[in-house]
Amino acid sequence: MMKKVMYYIAISIDNFICWLDADVSGFVGEGNGISQYLVDLKEFETVIMGRKTYEFGYDFGLKPGQPAYPHMVHYIFSKSLSFENKHEKVHVLTDYETEKIRELKETSKTHIYLCGGGIFAGWLLEQKFIDVLKVKLNPLLLGDGIRLFGNSKQGYKLNLTETQSYDHGLVFNTYDILYN
């Protein structure tokens with residue numbers, strides 16, 4: 001059975017994933033919703049992300065070439081990222097390769113965690129590769145920042161499959177993306 005790509009991401013009420021400078025202050029960072037998110041991450045063995053999302057981890061102690069999520073195999077899509085010393089679970093793909101995404105969907109033992117970021121997610125949406133959108137809706141208005149799907153203007157209907165409410169006004173909404 002082909003696995004699904006799940007874009008599991010924190011957003012503000014006005015659909016930004018962070019401020020323009022990648023600052024996420026103001027987003028809920030504690031409570032039972034964050035605990036649930038950390039439990040949910042254990043269900044994935046494969047993570048895909050763009051370069052800026054990977055490098056965002058440097059601010060939290062991630063060393064270049066190391067996995068951000070030790071139990072997952074990482075596929076980082078970047079035209080410019082390279083490492084002198086790279087962990088065996090970290091792979092850099094220099095092109096946004098549709099064939100690699102198809103291969104991952106066919107070979108992964110679990111669904112695939114799309115960690116971000118907005119530009120990469122926008123490209124995946126335009127290619128119809130994101131199957132599930134799970135947003136951690138934060139009680140916050142940013143006014144400006146990095147959009148959920150970067151510069152993509154593509155629109156699709158969504159089917160709400162689950163809603164969960166947590167401490168501090170955090171709400172998780174899970175949607176199937178309806179491409180037809």
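1. Setting aside residues up to four places away in sequence, Y7 touches I17, L114, G116, G117, G118, A121, I130, V132, L133, K134, L148 and F149, where contact means heavy atoms within 4.5 Å. The model is a predicted one, in which local features need pLDDT of at least 70 and side-chain atom pairs count only at pLDDT 80 or more, while totals for chains, interfaces and linings use all residues. Residues are numbered from 1 along each chain as its sequence is written, and side-chain values use heavy atoms, with hydrogens and water left out.

2. Y7 is also one of the residues with the most contacts inside the largest nonpolar core, together with I48, L114, L124 and I130; this core has 28 residues. A nonpolar core is a set of buried Ala, Val, Leu, Ile, Met, Phe, Trp, Tyr and Cys residues joined through side-chain atoms within 4.5 Å. Buried means under 20% relative accessible area, exposed over 50% and partly exposed in between (1.4 Å probe, protein chains only). At least two residues of the core come from each of β1 (5–12), β2 (16–18), β4, α3 (98–107), β6, α4 (118–126), β7 (132–138) and β10 (171–178). Helices (H or I, at least four residues) and strands (E, at least two) are DSSP runs, numbered from the N terminus. The most is given by α4, with 5 residues. Another core, of 23 residues, lies apart from it and includes I34, Y37, L41 and V132.

3. Helix α4 is largely enclosed by the rest of the structure, because 7 of its 9 residues are buried. The buried residues are G118, F120, A121, G122, W123, L124 and L125. After α4 comes K128, with a positive phi near 65 degrees.

4. The whole structure holds 13 aromatic pairs. Rings of Phe, Tyr and Trp (its six-membered ring) pair if their centres lie within 6.5 Å; planes under 30 degrees apart count as stacked, over 60 as edge-to-face and the rest as tilted. Y69 and Y113 make an edge-to-face pair, at 5.6 Å centre to centre and with 75 degrees between the planes. Y69 is in the loop between α2 (51–56) and β4, and Y113 is in strand β6 (residues 112–116), so the pair ties together parts 44 residues apart in sequence. Both partners are buried: Y69 has a relative accessibility of 17%, and Y113 has a relative accessible area of 1%.

5. Y69 and Y113 belong to one aromatic cluster with Y8, Y37, F44, Y166 and F172. Over the ring of Y37 sits the charged end of K136, 3.4 Å from the ring centre. The criterion for a charge over a ring is NZ of Lys or CZ of Arg within 6 Å of the ring centre and within 35 degrees of the ring normal.

6. S78 is in the loop between β4 (73–77) and β5 (90–93) and is buried, at 3% relative accessible area. A polar atom of its side chain lies 2.9 Å from the backbone nitrogen of L81. Beyond neighbours within four places in sequence, S78 contacts R51, V92, L93 and T94.

7. There are 0 disulfides in the structure, a disulfide being a pair of cysteine sulfur atoms within 2.5 Å. The sulfur of C18 has its closest cysteine sulfur in C115, 12 Å away, which is too far for a bond. C18 is buried at 9% relative accessibility, and C115 is buried at 11%.

Technical notes
Polar contact = N/O pair within 3.5 Å; in protein donor to acceptor, adjacent residues only side chain to side chain.
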